[in-house]
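Two packed helices are described by the angle between their axes and the distance between the axes.

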Amino acid sequence: MKVSVKKISEITGFSPATVSNALNYKRGVNAETSAHILKVAKDLGYFDENHITKVKFVMFKRNGIVVEDTPFFPAMISGVEQECRTCGMEMSLCDLDRRHHDFKEQAKWLMNDKAAAVILLGTEMIDEDIDLIRGITSPFIVIDYWREDMSFDAMLINNADSARMATEYLIANGHREIGYLRGSFRIKPFRSRFVGYQTALQKASISLQKNYIVNLSPTMDGACADMRAYLAKKPELPTAFFADNDMIALGAMKAMRECGIRVPEDVSVVGFDDLTFSSISDPPLTTLRVPKREMGRATVRRLRDMIKDKDDTKLKIQMCTQFVERDSVRRI
């Protein structure tokens, strides 16, 4: 028998009218009160999750700098769509843009649809966006973002270990002066990659040289312009750079080429992601391949298990990368 509004009212101590308004996402209910009511309702089984046959892939945008105009995410979305079909579920793609005036209303509608589960692409999320997740009544999993309290399921890239491996590759090729092409928008994955870069240097007893850290826009054109401005100052360059991602690496390589700096003869570069055009850049980029399509498929499989088994265990799943050796690194 379905749990009644009256039962939820008795347990929470709020009036049936308040409970009803919260369950129907109407205005006028305090956010904290609403979150508490929704959690109790979910715990009591008020929302029947067994009949969910739809998945909303919600692409969160804080400013769009990282998730727009990149071939990385379409491959992941393709994997989500393929696995949804395999599981007999329907997928819809939705944008949730923090810049829009009705952002809060959009979020409420997208995240609390009783008929759909949610995959939230949280690449551009920062910690102050955590309110997005609180109070979600649908089964959901977040890609590319996590919290230290791990209060939700997350599908992540093994960022720190991958960046450490890339930096160790540079060290194994004789490089001791290794810089960092740092994405200026500090998303969680970039922060973890910096940790991996630092770890590799520390293990090799190599001092981190702050003058070798270059802040670049995470778009290819932006990274090129920023790198061009940096090189105009005639700085001392390291023998190699590790970049937060391929977009940054390729933009920086273009600027270096324009300024007469040869890759890899003068400066070696390693990227992260293995975008489709990284293999045809000049020179082809050494990078870390993220299994983008499989990451999408694995996310759907985890979500399906959550729906089917009503599994409340929280998992932090990390996908390992594959190192792809090309021509952008010189052995010293």
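Predicted model: local features only at pLDDT ≥ 70, side-chain atom pairs only at ≥ 80, totals over all residues.

The axes of helix 8 (residues 220-231) and helix 9 (residues 246-258) come within 7 Å of each other and cross at roughly 45°. Helix 8 is therefore oblique to helix 9.

**Helix packing**
- The crossing of helix 8 past helix 9 is right-handed.
- On the side of helix 8, the contact is made by Met220, Ala223, Cys224, Met227, Arg228 and Leu231.
- Helix 9 contributes Met247, Ile248, Leu250, Gly251, Ala252, Lys254, Ala255, Met256 and Glu258 to the contact.
- Of the residues in this contact between helix 8 and helix 9, eleven are nonpolar, one is polar and three are charged.

**Cis peptide bonds**
- Most residues other than glycine have a negative phi, and most peptide bonds are trans.
- Val263 and Pro264 are joined by a cis peptide bond with omega about 10°, and Pro264 is placed in the loop between helix 9 and strand 9 (268-270).
- Asp282 and Pro283 are also joined by a cis peptide bond, with omega about 0°; Pro283 lies in the loop between strand 9 and strand 10 (287-289).

**Positive phi values**
- Asp144 is a residue other than glycine with a positive phi, near 75°.
- Asp144 is found in the loop between strand 4 (140-143) and strand 5 (154-157), and it is buried because its relative accessible area is 5%, under 20%.
- Lys234 also has a positive phi, near 55°, and is located in the loop between helix 8 and strand 8 (240-243).
- Lys234 is exposed because its relative accessible area is 73%, over 50%.

How values were computed. Residues numbered from 1 in each chain as written. Heavy atoms only, no water. Axes fitted to C-alpha atoms, helices over the stretch in contact; angles between N-to-C directions. Helix = DSSP H or I, 4+ residues; strand = E, 2+ residues; numbered from the N terminus. Parallel < 35°, antiparallel > 145°, perpendicular 65-115°, else oblique. Left-handed = near helix turned anticlockwise from the far one by under 90°. Contact = heavy atoms within 4.5 Å. Nonpolar A, V, L, I, M, F, W, Y, C, P; charged D, E, K, R; others polar. Buried < 20%, exposed > 50% of the residue type's maximum accessible area, 1.4 Å probe, protein only.
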